[in-house]
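Me: Got a model open here and want to talk through how it packs. Can we start with one of the helices?
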Amino acid sequence: MKMGYSSFVAIALLMSVVVVCNGGKTSTYVRNLIEKPVDMPLDSDAFAIPPGYNAPQQVHITQGDLVGQAMIISWVTVDEPGSNQVIYWSDSSLQNFTAEGEVFTYTYYNYTSGFIHHTTITNLEFDTTYYYEVGIGNTTRQFWFITPPEVGLDVPYTFGIIGDLGQTFDSNTTLTHYQNSNGTALLYVGDLSYADDYPYHDNVRWDTWGRFTERSAAYQPWIWTAGNHEIDFDLQIGETQPFKPFSTRYHTPYEASQSTEPFYYSIKRGPAHVIVLATYSAFGKAKYVNLHDT
């Protein structure tokens, strides 16, 4: 698995932040690169579907504004759209708040997605634990997250970095290692599900990856960068819209930083100003033809 150029940009930026803020270094982990990774089978426990009719699955969150006082809550329902509503409350208040979002679907070759929900919750307090609930009836699911401290210099904060995760047995080890660390937000530096490695870019592998990563991504924000494995452009099967699965499933707060493109944006979190630059985002038909004609 090769790390895309965009990944190196994100890492370089973070390293600069660490030096300036004297954040120090936590643990180092490099997974096995000698033996070829083996994919987890579709019936793996890591991909388990939550029980109940239309139960929300593939829950993940990302920062929803510039400074960390909003969160984009995302999930998928399979049987029907269900509710777009998120109910949320802080651990210091008995008052519940609600936010309404939008639902999206897409088709890719012979695959039709479930109902993909994105709801942004706002006006969050800094450095506070929030609980949130998605779903309706007997299939509601509850999660929690902690907002960052107020933006400023010399504010302790720990980021994690993962890229090229995929869904192999090694991927499972990597994610478990991260869960056992003290990271409180994850900079994801590109190449998510590796669905494009399967015949016809098998988008079922986007669903399995979403369920696999939920155990972390539902509880702390993963800050998304698209890599080359998210392009999913394939003229041979009639798929000419680059980044369709990624863009539909994983939203970013690009407008909050006055960007016009979801692949270019920035967030502030604690002491860091993180700039996301997805260098593959200009990919198009002409580039595809040129690459394959040379």
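Reply: H3 is mostly covered, with 12 of its 14 residues buried (buried is under 20% relative accessible area with a 1.4 Å probe, protein chains only; helices are DSSP runs of H or I, at least four residues, and strands are E runs of at least two, numbered from the N terminus). This is a predicted model, where local features need pLDDT of at least 70, side-chain atom pairs count only at pLDDT 80 or more, and totals for chains, interfaces and linings use all residues. Residues are numbered from 1 along each chain as its sequence is written, and side-chain values use heavy atoms, leaving out hydrogens and water.

Me: Which residues of H3 are buried?
Reply: Among them are Arg-205, Asp-207, Arg-211 and Glu-214, plus Trp-206, Trp-209 and Phe-212.

Me: Where does H3 bend?
Reply: At Arg-211, by about 30° (the angle between axes fitted to the seven residues ending there and the seven starting there).

Me: And what is Phe-212 in contact with?
Reply: Leaving aside neighbours within four places in sequence, Phe-212 is in contact with Met-40, Ala-46, Phe-47, Leu-165, Gly-166, Ser-171, Asn-172 and Leu-175 (contact is heavy atoms within 4.5 Å).

Me: OK, new topic: how many residues line the second largest pocket?
Reply: The lining has 20 residues, and Ile-72, His-251, Thr-252, Tyr-254 and Glu-255 lie nearest the centre. A pocket here is an open set of points on a 1 Å grid over the protein atoms alone, where a 1.4 Å probe fits, with protein on both sides within 12 Å along at least five of seven lines; lining residues have an atom within 4 Å of a point.

Me: Which strand gives the most to that lining?
Reply: S8, with 3 residues.

Terms used
Buried < 20%, exposed > 50% of the residue type's maximum accessible area, 1.4 Å probe, protein only.
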